[in-house]
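Me: Could you take a close look at one part of this structure for me, and walk me through how it sits among its surroundings?

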Amino acid sequence: MPLSSDLEQVATAAARGVRARARTPVRPPSFELRMMTPALVLLAALSLLPFLMLVYMGFTEVKLLGGLRFEYAGVDNWQRLLTDPDVRASWLVSFVYLVLTLGAEMLLGVVTALVLYRITRGRGLVFALVLLPMFLAPIIVGLLGRFLTDSTIGLYAWVLRGLGFEGDVLGNGTTALIAVVAMDVWQWTPLVALITLAGLSAVPQPLLEAAAVDGAGYWQTLRSVVFPTIQGVLLVALLVRAMDAVRFFDIITITTNGGPADATKIIPIRLYETAFRFREIGYASVIGLVMLLFSIILANVFVGVLGRKGLTK
Amino acid sequence: MNGSHQVSRRALLRGIGAGAAGALAYAALSACGGSEGGGSAPAAGGDPWKRFQGTTINFISENTAPSAAIAANTKPFEDLTGIKINIQQMELTKLVENVSLDFSSGTAGYHVIYADPYQVLAPFSEGLVDLNEFVGNSDFPQPEKGLEDFIPSQLQAAGRFLDSDKLYALPYDTPTMIWQYRADLFEKYHDKMADDLGFDPTPSINLTWDQYFQIAEWFNKNAKDDVAYGTGHQAKQHDSLQCDFSNLLWAYGGDYFEGGQELGTLGTKSPGKSTLTSDAAVAAAEFYNKLLGIAHPGSRTWDWDGVANAFQAGQIAMCPNWHEFAAGNEKALPGKVGYAPLPKGPARSANIWGGTGIGINANCSEAERGAAWLFLNWATSPETQFMTLASEVGGGTPTRTSVYQRPEVEEAKKRPSKLPNILTADAVNEAWKPENIGLRPKVATWNQLNTALFTELSRMITGAVKPDAAMRTVAQKFDEINKV
């Protein structure tokens, strides 16, 4: 069949389709859609509009005093972001912070869950005690941490002095970073333990019995049976904590406020300082958008891994 | 049946929609209103102090001595004016952020603003009312004893910016950094210290920063049973670090800009290139770094409150700190603390001035402006300043000349004193002399400059960079921020 004839047939079919669609009466939105519309509009107003506003502000210089004004700035803010060594340094600190907190929380959370799983007597009480830090406001955790590490009255500072550490925990870049990581780990390890424990409870008993019958030891059972079974749950825990760690703010604000020497100035602290201390809203919008992009990429990586393992179904 | 259901659902949704819209509109209107009593000002006439009765105003302040004293005793103002005053106190950094947000919102959540000359007045002067609207206006009560009663240089520094004809704030407090020391320990070790060091260690303006260092080191080595460290500093990565360092910078003959101390009163739009790479500035940075090397290790985590707490807890023998902490010192260590102006450097003794004014948010309604003026007037009056000075919870730092001339204030310079902050009077008067006072540059970009400075100083004292490199980086950042 010649090519022109094919094209004619396709065109005729398309025209028929258009006429058919034109004749079909427009269906009114379903009852469900109508019921959901107010909520969808509200959601759009709460998330989509601010997002679009953020993108717009990223290309402007925002003047706040004497009435809100936006002065077009082109790609200045984006250019500045790419050449700003302070922002680069904050991303580096954020990355180190993310790796340390996630690593420690996952390790300690899984160990705690395994211990809790084996406890039979008084499990409820131990469980309640373990979960306690999670229910505190982060600002309180920060205050507690500050008092405990205070070089004049702090219990931990006193213990560390006994061990030969003469400095001030929050006065040295390395120890300050370790301290804020430890505070976050103390507060959120219970969440990882809780999620892991839920996964452990779902490991099929016959599978464990079969492993025992086959002579598998504790470590071998963990490696070959338990971890493969709960890996989806562990990834979810990792995802939840990673998303949280990217926007960590309260504890650092109350303890070090980014110091000393910017050693704990992670990107949310830098963003806050840029927006609310220096009033550079346009530039802060760009920093925020990059944070958002980073979070989306991170979430997609986790969801991708879950998908490849067939765990998102 | 189905149809009637649809109708009733629609009616229900319409009702909910209308209710929600009404609620949102009410919330929006309430937010715009800001407080009770907003709107136009009542006509003049009658008792001018009662003209705005029924109005509510909000005062945002740093958690500082006079505000604590006023917050604990607002009744006299409320009785006098019929105005309700809400006082919100917070750490200075948070105050600056909140004020910035409030000005930006275009509404007046806060009507009376604690206007730090450097962090609030300079960057936000457009957001403050020019008080000439009230001064000399017969419809409003005038400041008792006139503006002339305010210490003149402080009225200039705390109240004006760029234009000497405009007045944005009335001087409210006047903390100044001086040398605070454990007089009991200096007395106990005086002779031994004098023998070892070869000079009289009694703190005074005649001693040098080098001698201060030697005294601190002597305490570290010889008085561990009485005190953990000789000196402590407010060297947290915070505004306080800039304040602590500035004393040294000026004492060594350095300054932030070519205009030097001249920029500390009226301020400037264009301060020019930074002079922090000068030999004097680098020498000051080197000495400060050395001093922090022997200071209490907690210094790197302390702001002014932290160093005051450590001093009062007996952790350090001496420190430079704001004189308003004298009231707390006397409570914790009664009779054991002495005060002197800060030591000299190669150039002079420099004692940083940290005074602040209070101003009115320009977004206020007419009635709120009037009510806010009455509060400004009352809070800075000689009688109220005397009340804050004597307060159990506060211990103010008066900005009125006439307060210092009162016989009971004169008498309080000697122990036992009912006005403990006045025990610092001799040291503070010496510190206030033009040749000894230290004034930061008043520029609109100060918040950025300040952050760049204290961040780099923090890097220096934690060993991340050398003093000369730190000063070079700060100077470069100053020039970038000021676009010169």
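Reply: Happy to! One term comes up at once: a residue counts as buried if 20 or more other C-beta atoms lie within 10 Å of its own, with C-beta atoms placed from the backbone. Please keep in mind that this is a predicted model.

Let's take helix α5 of chain B, residues 117–124. Pro117(B), Tyr118(B), Gln119(B), Val120(B), Leu121(B), Ala122(B), Pro123(B) and Phe124(B) are buried. That is eight of the eight residues of α5(B), so the helix is largely enclosed by the rest of the structure. As for what surrounds α5(B), its buried residues pack against α4 (92–105), β3 (112–115), α6 (152–159), β10 (356–360) and α18 (446–461) of chain B.

Just after α18(B), Gly463(B) adopts a positive phi of about 85°.

Two of the neighbours also lead us to the other chain. The contact between the chains takes 28 residues from chain B and 23 residues from chain A. On the side of chain B that touches chain A, the elements giving two or more residues are α4 and α18 of chain B. By type, the residues on that side of chain B comprise eight nonpolar, 15 polar and five charged.

Notes:
Residues numbered from 1 in each chain as written. Chains lettered and ligands numbered in written order. Predicted model: local features only at pLDDT ≥ 70, side-chain atom pairs only at ≥ 80, totals over all residues. Buried ≥ 20, exposed ≤ 12 C-beta atoms within 10 Å, placed from the backbone. Helix = DSSP H or I, 4+ residues; strand = E, 2+ residues; numbered from the N terminus. Contact = placed C-beta atoms within 7 Å. Nonpolar A, V, L, I, M, F, W, Y, C, P; charged D, E, K, R; others polar.
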